[in-house]
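Dear colleague,

Here is the structure I promised to pass on. My notes on it follow below.

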Amino acid sequence: MAAHLITGAGSGIGAVLAERLAERGDDLWLLARDARRAAELRERFPGAKTLVGDLADPAKLSWAFGHQALPVELDSLLHVAGVVELGPVGELPVKAWQQTLNVNLVAPAELTRLLLPSLRLARGHVVFVNSGAGLNAHADWSAYAASKHGLKALADSLRLEESAAGIRVTSVYPGRTATPMQAKVHQQEGREYDAGRWIAPESVAKAVIAALEASRDAHVTEITVRPGS
């Protein structure tokens, strides 16, 4: 029975991943921003354990985890949570930059650091659900794309640093996916949102699980998922 820690399990890709892994009988550890959210996740995913820590304030994650029981061995750490704030460089305030970088980049780095001992014991797998914006930046996407380009660098460095410990690292680059975040993006863009035009969260979750299930002779380092039409 494998143990997985998932961020962003409350909706979208993270929720589907939690459902699929729970169906297999695996142990789930779900990160929640506060105690109320943790209770909601435990109700939604019976048997799951929760950790409370706010990704928007990564400097406090170490303190928060110091007051909670962490998994002894962790087969996978799945970074799925993220935020997006669109706007031209000339108008995007510092607060938007700081929140985006904290949640999308600094917190995953700190969370990985804190859980590396558990991952090393299990020769585990770290998956960063990145974005097409982690490969190409477009107008009005500067803060989000910068955070995702940084996430790629984090994954690439971690892969080289931890290979001797048997830890595998995968970056997944989905195109636009039908999630609440995508609905928010369309609202910011002033466009009508049609979920049927975009990738289903289930399709991205399948790609992540495929990477997790690869035999030890195969290290799936990068997966790109694009809308089928």
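In the lining of the largest cavity, α4 (94-122) has the largest share, with three residues. The lining as a whole consists of Thr-7, Leu-55, His-79, Ala-81, Val-103, Ala-107 and Pro-108. By type, five of these residues are nonpolar, two polar and none charged; here Ala, Val, Leu, Ile, Met, Phe, Trp, Tyr, Cys and Pro count as nonpolar, Asp, Glu, Lys and Arg as charged, and the others, Gly among them, as polar. The volume of the largest cavity is about 30 Å³, and the count of cavities of 30 Å³ or more is one.

The terms are as follows. On a 1 Å grid over the protein atoms alone, a cavity is a set of points where a 1.4 Å probe fits but cannot get out, while a pocket is an open set with protein on both sides within 12 Å along at least five of seven lines; lining residues have an atom within 4 Å of a point. Points are joined across faces, edges and corners, and a volume is the space filled by probe spheres set on the points. Helices (H or I, at least four residues) and strands (E, at least two) are DSSP runs, numbered from the N terminus.

The model is predicted: local features need pLDDT of at least 70, side-chain atom pairs count only at pLDDT 80 or more, and totals for chains, interfaces and linings use all residues. Residues are numbered from 1 along each chain as its sequence is written, and side-chain values use heavy atoms, with hydrogens and water left out.

The largest pocket holds about 1,200 Å³ of space. Its lining has 47 residues, and those closest to the pocket centre are Val-80, Ala-81, Gly-82, Val-83 and Met-181. The largest share, five residues, is from α6. Sorted by type, the lining has 22 nonpolar, 18 polar and seven charged residues.

The second largest pocket holds about 160 Å³. Among the residues that line it are His-4, Arg-24, Asp-75, Arg-123, His-125, Arg-168, Glu-213 and Arg-216. Here the division is three nonpolar, three polar and six charged.

Arg-123 has a further feature: its phi is near 50 degrees, a positive value in a residue other than glycine. This residue sits in the loop between α4 and β5 (125-129). Arg-123 is partly exposed, at a relative accessible area of 45% (buried is under 20%, exposed over 50%, partly exposed in between; 1.4 Å probe, protein chains only). Asp-140, in the loop between β5 and α5, also has a positive phi, near 75 degrees. Asp-140 is partly exposed, with a relative accessible area of 38%.

Last, the chain as a whole. There are seven helices and seven strands, in the order β-α-β-α-β-α-β-α-β-α-β-α-α-β from the N terminus. The radius of gyration is 17 Å, close to the 17 Å that the globule rule gives for 229 residues, so the chain is as compact as a globular protein of that length (C-alpha atoms; the rule is 2.2 Å times the number of residues to the power 0.38). Of the 229 residues, 49% are buried.

Regards
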